[in-house]
Amino acid sequence: MTNSIKTYLKHTAKDFHNQSVNPPVVRASTIIFKSLQDIKRTQNKYLKNPVSGNFDYGRQGTSTTYALQQILRKLEECYKVYLTPTGFGAVFLSVMSVIEPEDEILVTDSVYSPTRLLTETYLKKFNVKALFYNPSDFNDLKSKITKKTKLIFVENPGSNTFEFQDLSKIIKIAKKNKIFTAIDNTWGTPYLLKPIKLGFDMSIVSATKYYSGHSDVMGGSLAISKRVFKLVETTNKISGLRLGPDDAYLILRGIRTLDVRLDKHQENALKVANYLSKQKKVIKVFYPYKKGSINFKLWKKYYSGASGLLGFKIRSKNKNSVLKFVNSLKLFGYGFSWGGFESLALYQSHEALGKRQFTHLNKDEHVIRMHIGLEDPNDIISDIKQALKFIK
Ligand SMILES: *Cc1c(COP(=O)(O)O)cnc(C)c1O
């Protein structure tokens, strides 16, 4: 009998504890061995099986981080998972693992802004050139592939504007041209989309968001296929990136309810998106809420569900009244990150979106991002309703 992932998430990590339900927090720098031969034996076991927990030093992790690695490996259905102290650490690890001087990399134009900074600016130091492709136009991506292209970096859906891409097409063209592929899967997590199974070489999730789910810890994961194992293993070793056991414990605690929370985030977000779609001042809703809505087909083709993060576009000549709308929300917090149990809202400035090549916003158009939390959806909608009145 094979249990579903919903059951697995609750019953896993049994190998790591004695009688307590949860694995203990094991903190270690030095790992003590019985003899010098024993050190060698453990190292050889790890070399033979790099997904085993035969660690010889605390930088590789402890039994607590290993428990989380094992759960994520099963959830991702991948070869190996690396844990990083933040989600961005996992982005950094993925890119740095594969690039070499003279390379070009293709990056989706609607990528998370720190990823843009890394690829567009920082990589110049290594003589690596980033080209940004239009996430809504596969031919644009295709036309930018050259003999030098080493990596295609996808984020699905795109940050703030939520474009969904035809992932299999990207994988196919990358394989044909021997290009590595990476995807930032923070929005959906492997609960809703399994990128490595689909054919991506690397998949990033910010554990800060839905894995933890409680806005009290940061972390990241990089899931990989066997094809990039040697490259990532080496870069991980010299990067010094390591998730601490206390943080790993909190993420383990959060992940038990990943499915329950995501199901509810979706249920609530769907109600909010439907409500927003009926408001005159809202001209676009960036969420796959019904057949025929923006990107619905491409979402449906790959995802088993949707999460709680959405965007929408408002038309108003009066920017201050839009800001007043956001500022008048009573149940929403204003702040970065998302994926916790609580609702959040942000105004996406024209300046920030203006760094992109393919996002065109008129002066009277405004993009709002909302994370729909686990509150009663009727209360969330009432709150939005009272605030919408301020838009002129
Ligand atoms: C938040 C986020 C990250 C970075 O994660 P941190 O844990 O905050 O470092 C990367 N990608 C996406 C899409 C994100 O939303």
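Aspartate 263 is partly exposed, with a relative accessible area of 33%. Here buried means under 20% relative accessible area, exposed over 50%, and partly exposed in between, computed with a 1.4 Å probe on protein chains only. The model is predicted, so local features need pLDDT of at least 70 and side-chain atom pairs pLDDT 80 or more, while totals for chains, interfaces and linings use all residues. Residues are numbered from 1 along each chain as its sequence is written, and side-chain values use heavy atoms, with hydrogens and water left out.

Aspartate 263 forms a salt bridge with lysine 6, at 2.7 Å from N to O. Lysine 6 lies in helix α1 (residues 5-11) and aspartate 263 in helix α12 (residues 258-277), so the pair ties together parts 257 residues apart in sequence. Helices are DSSP runs of H or I with at least four residues, strands are runs of E with at least two, and both are numbered from the N terminus. Lysine 6 is partly exposed, at 35% relative accessibility. A salt bridge is a side-chain nitrogen of Lys or Arg within 4 Å of a carboxyl oxygen of Asp or Glu. By this rule the count comes to 19 salt bridges.

Lysine 264 pairs with glutamate 267 at 3.5 Å, N to O. These two are three residues apart in α12, and therefore separated by about one helical turn. Lysine 264 is partly exposed at 27% relative accessibility. Glutamate 267 is likewise partly exposed, at 38%. Glutamate 267 meets lysine 271 as well, with 3.9 Å from N to O. Lysine 271 and glutamate 267 are four residues apart in α12, again about one helical turn. Lysine 271 has a relative accessible area of 37% and is partly exposed. Salt bridges that share partners join Lys6, Lys10, Asp259 and Asp263 into one network.

The protein is divided into domain 1 (5-27 + 62-255) and domain 2 (258-388). These bounds come from an automatic or database domain assignment. The C-alpha centres of the two domains lie 24 Å apart. The contact takes 44 residues from domain 1 and 40 residues from domain 2, where contact means heavy atoms within 4.5 Å. About 3,500 Å² is buried between the domains, and carbon and sulfur atoms give 57% of this area. Buried area is the accessible area (1.4 Å probe) that two parts lose on being put together, summed over both. In domain 1, Phe164, Trp187 and Tyr210 lose the most area to domain 2, together 23% of what that side buries. Four salt bridges are found across this interface.

Helix α2 (residues 36-48) has 13 residues. From first C-alpha to last, α2 reaches 19 Å, close to the 18 Å expected at 1.5 Å a residue. The expected span is 1.5 Å times one less than the number of residues. Asp38, Thr42 and Tyr46 of α2 are buried. Seen down the axis, the buried residues of α2 fall within an arc of 75°, so they line one face of the helix. The arc is that of the directions from the helix axis to the C-beta atoms. Cover for these buried residues includes β1 (80-84) and α10 (229-239). The face of α2 turned away from the buried side carries the exposed residues Leu36, Gln37, Lys40, Leu47 and Lys48.

Leucine 167 is placed in helix α7 (residues 167-176). At 0% relative accessibility, leucine 167 is buried. Beyond four places in sequence, leucine 167 touches Val154, Asn156, Ile183, Leu193, Leu198, Phe200 and Tyr302. Asparagine 156 is joined to proline 157 by a cis peptide bond, with omega about -15°. Proline 157 lies in the loop between β4 (149-155) and α7.

Two residues other than glycine have positive phi values: glutamate 102, near 85°, and lysine 178, near 55°. Most residues other than glycine have a negative phi, and most peptide bonds are trans. Glutamate 102 lies in the loop between α4 (87-98) and β2 (104-108) and is partly exposed at 47%. Lysine 178 is found in the loop between α7 and β5 (180-184) and is exposed at 69%.
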